[in-house]
Amino acid sequence: MNDKISKTILIRNKRAEFDYYFLQKLTAGLVLTGTEIKSIRTGKASLVDTYCIITRHEVWVKGMYVAPYFYGSFSNTGERRDRKLLLNRREIRKLETEIKNPGLTIVPTKLFIDDKGRAKLEIALARGKKQYDKREVLKEKNDRREMDRAMKLYSK
């Protein structure tokens, strides 16, 4: 069981958790080339500064970094090219109607390899946080950390 956990690739977008409130999460497949999936399996990808757009009833992720595969030659593609997401028509339609509301966006949160070896991207319908909300989250995080430290000291 531990072998499976150590092989799992999980790339998170920590900045998105700090900048947005997640309203709804979906898991989507990705259209990738052979060298891109090999590079993701080695953990060489990043979700920093990524976002999703909907054009012609298709969802695309923009700005996702996938490093060129070391052993790939001419088959390596662009590092930050647009990649198509695979979702049901019903899910895409729902996202299209929700995006029309002001202040909402679609943000990638996690990139992982599923049990069958396919790359999946977790996306979230998100609303941006205000500056004071971000400060409040940091304050709560620090308070929780200090309480945990105090509990460890008193439990010994």
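**The largest pocket**

In this predicted model, begin with the lining of the largest pocket, which by class has three nonpolar, five charged and no polar residues. To display this lining, select Arg12, Lys14, Glu17, Phe18, Lys129, Val137, Leu138 and Lys141. Two elements each give two or more residues to the lining: α2, residues 14-19, and α5, residues 131-155. The space in the largest pocket amounts to about 190 Å³.

**The cavity**

Rolling a probe the size of a water molecule over the atoms shows where empty space is left. How many cavities of 30 Å³ or more does the count give? The count comes to one. The largest cavity has a volume of about 50 Å³.

Next, select its lining: Thr35, Glu36, Ser39, Val66, Ala67, Pro68, Tyr69, Asn76, Thr77, Gly78 and Arg83.

**The loop between β4 and β5**

Now move to the loop between β4 (51-55) and β5 (58-62), and select Arg56 there. Arg56 is not a glycine, yet its phi is positive, at about 50 degrees. Is Arg56 buried or exposed? Arg56 counts as exposed because its relative accessibility is 80%, and the cut-off for exposed is over 50%.

Select His57 next, which is found in the loop between β4 and β5 as well. His57 is another residue other than glycine with a positive phi, here near 60 degrees. With a relative accessibility of 59%, His57 therefore counts as exposed.

**The whole chain**

Finally, zoom out and show the protein chain as a cartoon. The chain has five helices and nine strands. Followed from the N terminus on, its elements run α-β-α-β-α-β-β-β-β-β-α-β-β-α. Along its principal axes, the C-alpha trace spans about 60 × 45 × 25 Å.

Switch to a surface view. The accessible surface of the chain comes to about 10,900 Å², and 52% of that surface belongs to carbon and sulfur atoms. What percentage of the 156 residues counts as buried? The value is 32%.

The last stop concerns contacts along the sequence. Among contacts in the chain with a separation of 6 or more, 67% are between residues 24 or more positions apart.

Technical notes
Residues are numbered from 1 along each chain as its sequence is written. This is a predicted model: local features need pLDDT of at least 70, side-chain atom pairs count only at pLDDT 80 or more; totals for chains, interfaces and linings use all residues. Side-chain values use heavy atoms; hydrogens and water are left out. On a 1 Å grid over the protein atoms alone, a cavity is a set of points where a 1.4 Å probe fits but cannot get out, and a pocket is an open set with protein on both sides within 12 Å along at least five of seven lines; lining residues have an atom within 4 Å of a point. Grid points are joined across faces, edges and corners, and a volume is the space filled by probe spheres set on the points. Helices (H or I, at least four residues) and strands (E, at least two) are DSSP runs, numbered from the N terminus. Ala, Val, Leu, Ile, Met, Phe, Trp, Tyr, Cys and Pro count as nonpolar, Asp, Glu, Lys and Arg as charged, and the others, Gly among them, as polar. Buried means under 20% relative accessible area, exposed over 50%, partly exposed in between (1.4 Å probe, protein chains only). Contact means heavy atoms within 4.5 Å. Accessible areas come from the Shrake-Rupley method with a 1.4 Å probe; for residues, only the protein chains shown count as cover.
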